[in-house]
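The following exercises ask the reader to examine a protein chain step by step.

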Amino acid sequence: MSWDFETDADFQAELDWIDQFVREEVEPLEHVLGSPWNIHDPAFKALVKPLQQRVKERRLWACHLGPELGGPGYGQVKLALMNEILGRALFAPIVFGCQAPDSGNAEILAHYGTEAQKERFLKPLLAGDIVSCFAMTEPQGGADPKVFTTRAVRDGDAWVINGRKWFASNARYADFFIVMAITDPEVSAYKGMSMFIVPANTPGLSIIRNVGMADEPEATHAYLAFDDVRVADEQMLGAPGDAFVVAQVRLGGGRVHHAMRTIGLAQKALDALCERALSRHTQGGALADKQMVQEKIADSWLELEQFRLLVMRTAWRIDRYQDYQKVRKDIAAVKAAMPRVLHDIAARALHVHGSIGASSEMPFAGMISRAFQMGLADGPTEVHKVTVAKQLLRDYAPCEQMFPAYHRPTAAAAARRKFAAALAQGAAR
Ligand SMILES: Cc1cc2nc3c(=O)[nH]c(=O)nc-3n(C[C@H](O)[C@H](O)[C@H](O)COP(=O)(O)OP(=O)(O)OC[C@H]3O[C@@H](n4cnc5c(N)ncnc54)[C@H](O)[C@@H]3O)c2cc1C
């Protein structure tokens, strides 16, 4: 029997180091740099590279990876404890070599890449020398792959890709793209699409425009055009028709890692909410003394702790079973809960700060926008709730009787039958 909520002392020492390093060295970066993926910016090179080096020396680089890929192979529980610290700071994932979508792209290259693909794309990606892009969503729909139309057609020993991709994050900084395209339109979308690795300088690949989110310093989500983009046969990632099998490897882990970092961001909002409540005075007292403000603080803490426990348990189950299929329900639940937790806590923090809270001088509007983004990226909340419900329903069967066993008269009749002998003896006494 083991049921333990404690962190061992050695790892706690690492967490303490990470916490101090992130607060003092990494958090300030977002106030002086642009996008965390703009690794070619001279200011990025001057400020971020030395921090990445310190993380590597501390052996905390790319902790989501196993030793075979140069990481420590921490497992998800340790990652959760780390990621909830990194979630405070926009630049922390890139400083620690675990930023999306590169972390997921590295995972699928490691799983499905050929030796040549690993040498050319995975190695520099893991070293932090390049960043990458994942292009799956199309302008006519992201949540339903059956509406995708981007096609790759065979031509000799190459493939020619034509189509449009939408919201391809960090395309403008990426050295290569992992692209999902239909290779066999005769079969279902789930069996007829394949993955390709497309280097950024391939003729025919262009950015139509970059779309920005509310709180981003630079527009980084690309509307992409593929016009007769020619890629060699050996640039296919995985087998023909395997795009969904390949994509699942990156999405499962990616969703949980976002959730872990969301804990840190929501904690940052809660910290600000508490500090504000103690600092601001109105009607002769601190906001912290008003019961309606206390309710906001209490609700925020208990929602965050509930979410954190769900994330930690999901991390534990991933480590335990080593099979994303077995934890599908848990991951979908975490993904569905994440936007609401961040939204509600950030909204309370915004409100209790009054006018300045709603302004661009405070981070809360950006956090609320992030909450909405998290409810969309890697699939909308509705789709994940459907997964939770379907997985739950697998453990139930329909009732064959008119009245179910939990119907009180039916339950009472069953109880009388079960205890008939004892009840009769009791009555006889
Ligand atoms: C910050 C951010 C980064 C992203 N990065 C990438 C990236 O790098 N690469 C990439 O390929 N994509 C990326 N995306 C796109 C993302 O995967 C899609 O936005 C997502 O899959 C939803 O697709 P959509 O935007 O076309 O919305 P739609 O599919 O049109 O859905 C719109 C809305 O319809 C409702 N809905 C949809 N399906 C259902 C359903 N089954 N039941 C009930 N309601 C439903 C939901 O309310 C949903 O929000 C990113 C998105 C965001 C916000």
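## Exercise 1: The nonpolar core

Task: Determine how many residues the largest nonpolar core has, and which of them have the most contacts inside it.

Solution. The largest nonpolar core comprises 113 residues, and F196, A269, L342 and A346 are those with the most contacts inside it. Helix α7 (residues 243-279) gives the most to this core, namely 16 residues. Such a core is a set of buried Ala, Val, Leu, Ile, Met, Phe, Trp, Tyr and Cys residues joined through C-beta atoms within 7 Å. A residue is buried if 20 or more other C-beta atoms lie within 10 Å of its own, exposed if 12 or fewer, and partly exposed in between, with C-beta atoms placed from the backbone. Helices (H or I, at least four residues) and strands (E, at least two) are DSSP runs, numbered from the N terminus.

The model is predicted: local features need pLDDT of at least 70, side-chain atom pairs count only at pLDDT 80 or more, and totals for chains, interfaces and linings use all residues. Residues are numbered from 1 along each chain as its sequence is written.

As a next step, consider F196. Leaving aside neighbours within four places in sequence, F196 is in contact (C-beta atoms, placed from the backbone, within 7 Å) with residues including W159, I161, V179 and L237. For the protein as a whole, 40% of the 429 residues count as buried.

## Exercise 2: A residue of helix α7

Task: Explain why R250 counts as buried, and state which residues it touches.

Solution. R250 is located in helix α7. R250 counts as buried because it has 23 C-beta neighbours inside 10 Å. Not counting residues up to four places away in sequence, R250 touches G104, N105, E107 and I108. The C-alpha atoms of R250 and I108 are separated by 6.2 Å, although the two residues are 142 residues apart along the chain.

## Exercise 3: Domains and annotations

Task: State which domains are assigned, and describe how domain 1 meets domain 3.

Solution. The domain assignment, which comes from an automatic or database source, gives domain 1 (9-99), domain 2 (132-237) and domain 3 (248-393). The centres of domain 1 and domain 3, taken over C-alpha atoms, are 21 Å apart. In this pair, 12 residues of domain 1 are in contact with 16 residues of domain 3. On the side of domain 1 that touches domain 3 there are 5 nonpolar, 5 polar and 2 charged residues. Here Ala, Val, Leu, Ile, Met, Phe, Trp, Tyr, Cys and Pro count as nonpolar, Asp, Glu, Lys and Arg as charged, and the others, Gly among them, as polar.

The unreviewed UniProt entry annotates residues 16-129 as "domain: Acyl-CoA dehydrogenase/oxidase N-terminal", and this stretch is 58% helix and 0% strand. UniProt positions are given in the numbering used here, feature names are shortened, and annotations may be inferred rather than shown by experiment.

## Exercise 4: The shell around the ligand

Task: Identify how many residues surround the ligand, and which element gives the most to the shell.

Solution. The ligand is surrounded by 22 residues (C-beta atom, placed from the backbone, within 6 Å of it), and the closest are T137, G142, A143, S169 and E382. At least two shell residues come from each of β1 (132-135), β3 (158-169) and α12 (381-393). Strand β3 gives the most, with 3 residues. By class, the shell has 12 nonpolar, 7 polar and 3 charged residues. Domain 2 and domain 3 each supply at least three residues.

Definitions and conventions: Contact = placed C-beta atoms within 7 Å.
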